[in-house]
Amino acid sequence: MGGMSVDRPPLHIVGGGMAGAEAAWQAAQMGVPVVIHEMRPHVGTFAHQTGHLAEMVCSNSFRSDDSEQNAVGLLHWEMRQADGLIMETADAHRLPAGGALAVDRDPFAEAVTARLRAHPLVTVVAEELTALPQDGEWIIATGPLTSDALGQAIAAETGAEALAFFDAIAPIVYAESIDMSQAWFQSRYDKGETEDERRAYLNCPMDRDQYEAFIDALLAADKTEFHEGETAKYFDGCLPIEVMAERGRETLRHGPMKPVGLTNPHAPDVKPHAVVQLRRDNKLGTLFNIVGFQTKMKYGAQADVFKTIPGLQEARFARLGGIHRNTFLNSPTLLDQQMRFRAMPHIRFAGQITGVEGYVESAAMGLLAGRLAASQMLGRALHAPPPETATGALVTHITGGAEAKTFQPMNVNFGLFPPVDLKGGRRNRPARYKAYTDRAKQAWTTWLAQSVLDAA
């Protein structure tokens, strides 16, 4: 079993995505042997292309890296402090993206896989789990694409259907096929520390007529049908663009296509009516994804509709958009504060299946589940982090802070934190966010020190 300590039973982790990879790393670093059970490439999924651990299937962005004013940036900070493998590897494979952390996806996944396979306490087994294990210590981190067999086993055990919604993938365009006489490089409001970051986005401007024609084409395009028995509970942060357009013709202009903070150098005096942004998808700068353009249009229709965008008339697509089922638990009713499955406490859940949304949030729940499980296996109590921290706010939300009846997947946001008492309303927002993050950093540092002492 690849250098495993014979006197200590292993922690079994099902799923080698962001959460499973981080959970494995944290537990192994604490001295607990780990077996990762990953069904890919033995059993594929609709969205995955490889058998690598921590493969990024949707966007290549970890979103804002601002740890003073942004809740997801704070989560980055907390994971870095905890020596998280996902953040360390993301930093090593970072791409220019204004104030965001974007990642070169293939080298990132290859590096995470190599680090885990090289760890003396980690074994990776290519197999699909089809039933809930009856003994041993387990973390199930099978993500939004949990296999049907395991999904049914979970549903049977919970006595309720696992909820499902749909995740959508944005299309990716070859950079060389974009017409640079119409498009230009610029991050909104020229955000970013470096010239690369200030030019991290490609912008395609539209006048009113072009925008209206685009909306018409979007509404008229052929969409993929849902299978019988599927219900489309869309997550608002990842709505297909045609669903946004159905909510009102101006919705996209106020969402991913808002024309603010940008000046077209080809026509500096003309204010665009709308702007389509593309973000670099790999380090080489040969691929760009269309920001916010997740879709359930059929492939042929996608190419037709997207080629109406100025600058993309001759676009060639490395990957068209898609949509897939996303399975998650009603965690407030099913999990305790240690992320254990109440019905079977030897099993923890982590990552997107718990009802967090996003790569960073999934990895953070993996980090926490790995530490909690390893501490318990080492016979040392470890409490969940305080709700004033980003990680603590998330786990508190999914294990009881959320309303079970209306539970939906959630990104980390300051609305999940205990309020900070600061006067000044909206105008004082920067000071308020800074108060949240200062308080969180202090609480996280204390919890980390305590968790190291407890698990020393």
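## Starting with S64

Where is S64 found? S64 sits in strand 3, which covers residues 61-64. Helices (H or I, at least four residues) and strands (E, at least two) are DSSP runs, numbered from the N terminus. S64 counts as buried because its relative accessibility is 18%; buried means under 20% relative accessible area, exposed over 50%, and partly exposed in between (1.4 Å probe, protein chains only). Leaving aside residues up to four places away in sequence, S64 touches N70, V72, G73, H76, G99 and A100, where contact means heavy atoms within 4.5 Å.

## What kind of model this is

This is a predicted model, in which local features need pLDDT of at least 70 and side-chain atom pairs count only at pLDDT 80 or more, while totals for chains, interfaces and linings use all residues. Residues are numbered from 1 along each chain as its sequence is written, and side-chain values use heavy atoms, with hydrogens and water left out.

## The whole chain

The chain has 13 helices and 17 strands. Of its 456 residues, 56% are buried. Among contacts with a separation of 6 or more, 71% are between residues 24 or more positions apart.

Let's look at helix 4, residues 105-118. Its 14 residues, at 1.5 Å a residue, should span 20 Å, and the end C-alpha atoms are 20 Å apart, which agrees. The expected span is 1.5 Å times one less than the number of residues.

The buried residues here are R105, F108, A109, V112, T113 and L116. They cover an arc of only 130° around the axis, which puts them on the same side of helix 4; the arc is that of the directions from the helix axis to the C-beta atoms. An α-helix has 3.6 residues a turn, so residues three or four places apart point the same way. On the other side of helix 4, R117 and A118 are exposed.

Helix 2 (residues 71-81) packs against helix 11 (residues 359-377) at an angle of about 35°, and their axes are 10 Å apart. Axes are lines fitted to C-alpha atoms, for helices over the stretch in contact, and angles run from 0 to 180 degrees between N-to-C directions. The crossing of the two helices is left-handed, meaning that the near helix is turned anticlockwise from the far one by less than a right angle (right-handed if clockwise).

Helix 2 makes the contact with V72, L75, H76 and M79, and helix 11 with V360, E361, A363, A364 and L367. By class, there are seven nonpolar, one polar and one charged residues. Ala, Val, Leu, Ile, Met, Phe, Trp, Tyr, Cys and Pro count as nonpolar, Asp, Glu, Lys and Arg as charged, and the others, Gly among them, as polar.

Helix 11 also holds S362, which is buried with a relative accessible area of 5%. S362 touches M18, A19, G351, Q352 and V356, not counting residues up to four places away in sequence.

## Residues in loops

Most residues other than glycine have a negative phi. Y189 has a positive phi, near 55°. Y189 lies in the loop between strand 10 (184-185) and helix 6 (195-198), and is exposed at 55% relative accessibility. The phi of M339 is also positive, near 70°. M339 belongs to the loop between helix 10 (331-334) and strand 16 (340-341), and is buried with a relative accessible area of 0%.
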